[in-house]
Every structure is written in C-alpha cells, then in structure tokens.
Amino acid sequence: MNRSGYGDNSYQGNTGKLRMAVTTELLRVVRDMRHADELFQWLSDALVQHFGTQVVQFWVAQVDYQGQYFMKLQALSSQDNTIPYRVALSKPFADLAGEIRSWQTELPLSLVGNVFSSFQASLLQRYGLYHCCADYLSSKGRTPSSGLASFMPLEAVALLFFNQPPHPEFPKSIGYVLRLAIQLAETNGMLLPPSEAQSNAAGYRHQVAQKSAPALADLVPRRAEDTDLMTTSNPLSGHSVIADKLARRLYREIDGRKNVQELCDITHLDLKEVRKALRRLVDERRIELVDAAGQPEDSSLLLNDL
Amino acid sequence: MSANEFATVRAIIVIVISLFIALRAFQVYFQTRTTRLLVLGLTMVMIILTTTADVIGNNITFHLNAYWYNYVGQTMSFAFFYFSLINSSEKYLRNLVRWQIALSALLFILLIEGPALPHAFPTLGLLRAIFSSGRALPCFLVCLYYIAAFVKKETRFSLLMGVGFVIIGLGYYMIFPRYVNPPSYDVQTAGDILRIIGNAILLVAMIWG
C-alpha cells in the first residue's frame with residue numbers, strides 16, 4: 001500500500017476479490033428471499049461489513065393515494081449502534097434521497113458539508129460520518145402475464161456514509177453489486193407492491209415538486225363562505241383584509257371556476273408563488289381547494305412542502 | 001326651523017353618514033373582494049342618490065317628482081341588503097350584485113321620467129303613504145335578521161345594526177299619516193329625528209362594532 005493507502009495493484013486486486021465474494025454470497029442468498037425488503041436489508045448489512053461503510057440506508061420511492069411520490073426508508077445498517085436511530089432517520093436524509101431520485105443519477109463521493117446543511121453536517125461529523133455518496137437504482141418492472149403477479153417499477157436510492165474516504169474502486173464495486181441485486185430481484189419475482197406490514201422502517205413524506213405540481217394545478221380554489229361577515233362580525237373593521245399582497249391579488253381572481261393553472265396564467269405568477277399564496281389563504285380559511293368535480297381536497301397535503 | 005328645513009338637514013346628515021359607510025365599504029371591498037361589501041356599498045350609494053334627488057326635488061319649484069325614485073330606490077336597496085345577508089354563497093352574492101346594479105340603473109328612468117308623471121291626482125297621498133312607509137318593511141326584515149344573529153352569537157355589531165335598522169324602520173313607518181291626514185309636521189319631524197338616530201347608530205356599528 002502506498003502512502004495514501006490506495007493505488008497499488010494488490011489493493012485493487014483485493015477490491016476485485018471483495019466484489020466477487022459479495023456477488024457470490026448475493027447469488028446464494030437471493031434464492032431464499034421473497035421480498036425486496038429482505039434484499040435491501042441484506043445489502044445494507046453486506047456493504048457495512050465488507051466495504052467499510054459506516055452507515056447504509058436504502059430509500060424506496062413510493063406513491064400515496066393521491067399519486068404523489070414520497071421516500072420511505074426500507075433498510076438501515078450501521079457499523080456500530082452509536083449513531084442514534086432518530087439521527088439516521090431524520091428528514092434531511094429523506095430529502096437527499098428524494099432529490100437523487102428526481103435527478104435519477106448517482107451522487108459521487110463528497111464531503112457531508114458539501115451535501116447537507118452545516119448543522120446537519122456537524123451532527124453527522126459528531127458521529128464520525130464525514131463522507132457520503134449515493135446510488136440511484138431502478139427497475140423497469142414487468143407487465144403481468146397470466147398466472148403471475150404484476151411487478152411494479154422500483155426506484156430506490158442507496159445512501160452510504162463513510163468515516164474516511166473509501167478506496168476509489170469501492171463506489172464502483174458497490175454500484176455493480178447494487179445493480180446486480182436489482183436485476184436478481186426482478187428475475188426472482190421480488191418486486192411485488194410493498195406492504196406496510198412487511199416493512200418496519202418509518203418513512204418521510206418527501207413531496208417531489210414536479211410530481212405534485214400537476215395535481216395542484218388542476219384543482220379549483222373556491223372562496224370559503226363566511227356566514228359571520230356582516231352579521232356578527234364587522235367587515236369594515238379591517239380584520240377581514242388580506243394582508244399579503246400576492247394572496248390578495250390571487251383572491252381577487254378566485255371565482256370558483258378557474259383552476260390553479262388558469263389563475264397562474266391570469267395573475268402572471270408562477271406555480272410556486274401561487275402555491276404560497278394559496279397556502280396563506282387556506283391558513284386564513286378564506287378558500288378551500290376542490291377538484292374538477294367539486295369535491296373538496298385536503299389542502300394541507302398539497303401545500304405541505306412549502 | 002320649519003319641518004322642511006329640518007327634513008333637509010336630516011337628508012344632509014343621512015347623505016354624509018351613507019357616504020362615509022359607502023367609501024369605507026368600497027375601500028375594504030377592493031382589499032378583500034368580499035361581495036357582501038359591494039352590496040353594502042351599492043346600497044349606500046343608492047341611499048345617497050335617492051336622498052339627494054329628494055332634497056333637490058323638495059327645494060325647487062319645478063315638479064321633479066323625485067319621491068318615486070326615492071321610495072322605490074330605497075326600498076329596493078334595503079331589500080338587496082337583506083337578501084345579501086340570508087345567503088353566503090359566492091355565486092348567489094355575485095348574481096345579487098348583478099341584479100342590484102341592473103335594477104339601480106333602470107331606476108334612473110324613473111328619475112328622468114319623474115317630471116312627466118302627474119304631480120297631483122286623488123289617490124296620490126295614499127300611494128305616497130304606502131310607498132314611503134313601505135321602506136320600513138325591508139328595514140324591519142334586516143332588524144329581525146340581526147336579532148336572530150344576536151341571539152345566536154351576542155356581538156356588539158349585530159346588536160347595533162339591529163337597533164339601528166329598527167329605529168330607521170320606525171322612522172319611515174311613523175310618517176305614514178303625513179300623506180293622508182292634514183299635514184302633520186310634528187310627525188314628519190319625529191320621523192326625521194328617528195332616521196337621524198338610526199343612521200347614526202349604523203355609523204357607530206361600522207366604526208365601533
């Protein structure tokens with residue numbers, strides 16, 4: 001080994017052997033697995049054990065009943081148990097996984113300070129996590145054939161944290177093992193729709209802005225009926241004035257017929273600004289959001305990612 | 001001060017109070033786009049226009065016959081105000097405003113055609129009495145609405161509005177004999193005083209309620 005500890009052929013040869021050993025083990029155990037959860041857990045344990053990873057997390061993209069994506073922690077392993085579960089399960093990890101899922105590409109090895117906020121980075125460093133990288137995994141899924149269950153496409157993100165920079169070949173080897181694992185999962189029929197009962201990991205709802213925007217754009221804001229105005233409450237007292245200028249401008253155009261996209265066009269505001277204004281109006285109980293059929297929608301879910 | 005002079009003073013006070021309420025209502029309307037405020041503003045504008053026309057008509061020798069415009073305009077405006085209270089639906093209120101604007105505009109025809117109407121005929125007094133005191137009806141309806149609102153939720157605003165409208169209604173109602181009996185200026189003046197008090201209470205409700 002040279003001064004940096006890396007770069008000589010023997011070490012590279014060892015990396016190759018390590019990859020071979022993990023792959024062999026994977027091929028052996030995957031036959032007995034029934035669900036992707038088991039696979040991810042095995043992978044996270046293997047990466048921690050063989051590749052010197054301090055913490056490994058597997059986040060899987062899931063779709064809620066409103067058609068919005070959120071990232072769910074499917075597996076977690078760590079070198080030791082000193083890192084608290086609440087830190088390993090915190091929202092910044094879910095947010096990062098969600099972003100990588102939306103980029104659909106890997107995150108090269110980076111310092112945690114370059115990826116997370118300074119507060120989060122210092123927290124991670126306190127637990128000896130200085131470097132991180134991530135891999136995006138996806139399977140195309142398979143159309144159902146007679147007698148077989150349908151396979152849903154899988155999107156997952158593997159987050160890996162290191163105490164010190166790993167060998168440059170490690171991320172490549174890890175990526176190879178992960179892709180092989182996904183292919184094996186497809187082949188062995190493990191990509192069934194996930195069930196809540198089979199996963200013990202908690203998840204964070206990370207709303208992808210691009211996915212939620214179409215759903216919000218189709219909704220129709222409707223003014224809430226204020227039965228007290230002019231009867232028990234004085235409308236001229238000024239309490240009914242909408243303080244926020246953008247919200248006031250938007251409220252002016254709300255007629256119960258135009259959807260959010262049309263309101264964006266009329267007010268020349270972008271969706272983000274309109275969403276903020278809608279959030280304010282919803283909080284002040286001046287409007288409600290309904291779908292095209294006039295059925296009320298849960299505004300808090302749609303406007304929650306602000 | 002004669003009864004007619006007192007009536008003019010009363011009219012000026014009502015115009016000033018109505019103007020204040022109308023301006024404030026429109027100001028808040030443009031900030032909140034609350035249709036009920038638009039109805040209130042339009043109601044006050046009609047009160048101002050009809051009262052102004054009536055004052056002018058009473059103080060010129062030419063037979064303007066503006067009192068028809070006055071009676072029908074004010075009855076209609078108070079009625080629209082009452083209708084705006086009974087339903088909160090935005091669609092309903094927008095339709096109501098359209099009707100209010102349309103009918104208010106049509107009433108101008110009554111004002112323009114006033115001089116063409118006969119200014120003396122046998123049942124004129126009775127008709128004027130009915131139309132004049134008929135303005136009390138929507139005021140009493142509004143009062144009843146605010147009484148019900150006050151019973152449900154006791155607020156100063158609903159109390160003052162109810163009291164204000166019942167006094168205005170009484171002021172309109174009690175001048176009924178003025179048109180059928182020999183002129184009773186005391187009744188007219190009493191009615192004017194009540195209307196001043198009633199409008200003042202409405203102003204207090206809008207400021208302090």
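User: In this predicted model, what percentage of the 209 residues in chain B is buried?
Analyst: The model is a predicted one. A residue counts as buried if 20 or more other C-beta atoms lie within 10 Å of its own. Of the 209 residues in chain B, the buried share is 45%.

User: Is Tyr71(B) buried or exposed?
Analyst: Tyr71(B) lies in helix α3 of chain B, which spans residues 66-86. The cut-off for a buried residue is 20 or more other C-beta atoms within 10 Å. Because Tyr71(B) has 22 C-beta neighbours inside 10 Å, Tyr71(B) counts as buried.

User: What distance separates the C-alpha atoms of Tyr71(B) and Arg128(B)?
Analyst: Leaving aside residues up to four places away in sequence, Tyr71(B) touches Phe131(B), Ser132(B), Gly134(B) and Arg135(B). Arg128(B) is 57 residues from Tyr71(B) along the chain. The C-alpha atoms of Tyr71(B) and Arg128(B) are separated by 8.4 Å.

User: Which helix gives the most to the side of chain B that touches chain A?
Analyst: The contact takes 22 residues from chain B and 19 residues from chain A. On the chain B side, α1 (3-32), α2 (35-58), α4 (90-113) and α7 (156-173) each supply at least two residues. With five residues, the helix that gives the most is α1(B).

Technical notes. Residues numbered from 1 in each chain as written. Chains lettered and ligands numbered in written order. Predicted model: local features only at pLDDT ≥ 70, side-chain atom pairs only at ≥ 80, totals over all residues. Helix = DSSP H or I, 4+ residues; strand = E, 2+ residues; numbered from the N terminus. Buried ≥ 20, exposed ≤ 12 C-beta atoms within 10 Å, placed from the backbone. Contact = placed C-beta atoms within 7 Å.
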